[in-house]
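Subject: A structure for you to look at

Hi there,

Here is the structure I promised to pass on to you. Please open it next to this email and follow along as you read.

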Amino acid sequence: MSPKTSAHFVMAWFFTLQLSPGPVQAQSGTTPNIKHIVVGRCFTYTALINSSLSYDCEEIWRHFEEAVVHRPTCDVKVQHYDKMFSAMEEFWPCDRFLFWSKTRTLMHSYAAVFRHFWTLEDTLVGFMFNELIWCGREEESGFDFYSCPEWSACGDHPVFSLWRQASQKFAEMACGNITVLLNGSIADAFSRKSMFGSVELDNLNPQRVDHVNIKVVTNLEGPHIESCNRGSIMDLIQILQSRGFRWTCTDSDQTLMALLCIQNQQFSHQTCANSFQ
């Protein structure tokens with residue numbers, strides 16, 4: 001797809017295309033009406049998004065509730081969600097997996113332009129729990145709708161543990177050619193502390209993944225801190241090489257730059273032209 005064609009796609013969708021620092025941490029209590037949201041999203045997913053599979057949405061909710069509400073707030077481990085994940089197994093074809101770190105908003109826009117990409121948020125668990133907050137109450141059963149701790153305050157945060165297992169299973173399922181989208185306008189674009197660096201990367205199987213395509217994108221007017229030849233991206237490449245992955249890396253993807261240009265109209269035409277050069 002040429003930059004011009006990509007631009008037409010983007011104009012039609014009116015995407016928000018700024019680089020994001022990463023997942024939002026929990027600061028308030030459990031999302032109000034969380035059961036109705038989660039179960040409703042499950043029915044929506046099975047009816048409209050992946051109707052080829054059948055799930056018991058009420059059973060999935062029961063397993064989720066059992067994992068969270070009967071344990072201390074900061075003691076919900078990854079394995080406590082095992083029954084829930086067993087009730088929602090999912091398989092997708094190869095060559096569609098898109099991973100990201102600190103590029104959340106741009107990632108969704110990129111995936112929307114290239115409809116064949118599939119992200120963690122496109123899985124059943126990702127669709128059901130995306131942007132929700134939850135935690136239990138230590139002194140009594142039920143959700144705490146008034147206050148949940150930050151991820152950093154807990155060794156086994158209930159939200160973090162779910163996303164950790166979801167990320168692990170997503171990476172284990174990856175096959176064929178996969179894409180990784182990283183933010184070159186920050187230091188440590190690739191970090192071993194991120195969900196991609198600490199969970200997904202280690203669970204990619206070189207016998208299932210044929211090629212890892214790294215795409216580094218920076219803000220059009222900078223800062224240009226990291227690239228395929230500079231900074232933490234080189235650490236990622238070294239890890240991939242040591243594990244036997246084949247890889248490519250680009251920091252001049254024209255579709256990504258077109259997305260940024262169209263959204264950020266305050267940039268001059270010259271700035272956009274220079275980025276394509």
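How are α2 and α3 oriented to each other? Before the answer, two notes on the source: this is a predicted model, where local features need pLDDT of at least 70, side-chain atom pairs count only at pLDDT 80 or more, and totals for chains, interfaces and linings use all residues. Residues are numbered from 1 along each chain as its sequence is written, and side-chain values use heavy atoms, with hydrogens and water left out.

Now the answer: α2 and α3 are oblique to each other. (Angles under 35 degrees count as roughly parallel, over 145 as roughly antiparallel, 65 to 115 as roughly perpendicular and the rest as oblique.) Helix α2 spans residues 34-49 and helix α3 residues 57-68; they pack at an angle of about 140°, and their axes are 9 Å apart. Axes are lines fitted to C-alpha atoms, for helices over the stretch in contact, and angles run from 0 to 180 degrees between N-to-C directions. Helices (H or I, at least four residues) and strands (E, at least two) are DSSP runs, numbered from the N terminus.

Contact means heavy atoms within 4.5 Å. Among the residues that make this one are Val-38, Val-39 and Phe-43 of α2 and Ile-60, Trp-61 and Phe-64 of α3.

Cys-42 is joined to Cys-57, with 2.1 Å from S to S. The torsion about their S-S bond is about -80°, so this disulfide is left-handed. Because Cys-42 lies in helix α2 and Cys-57 in helix α3, the pair ties together parts that are 15 residues apart in sequence. By this rule, the count comes to five disulfides.

Next, have a look at the sheet. It is open and has four strands in the order β1-β2-β3-β4, with parallel pairing; two strands pair if DSSP finds at least two bridges between them. At the edges are β1 (98-101) and β4 (247-250), each pairing on one side only. On average, neighbouring strands are turned by 20° against each other, direction ignored. Strands β2 (residues 176-183) and β3 (residues 209-217) run parallel and are joined by eight bridges. Asn-177 stands opposite His-211 in β3. Helix α9 (residues 232-242) packs on the sheet, where it touches β2, β3 and β4, and its direction makes about 175° with that of β3.

Enjoy exploring!

Conventions: Disulfide = S-S within 2.5 Å.
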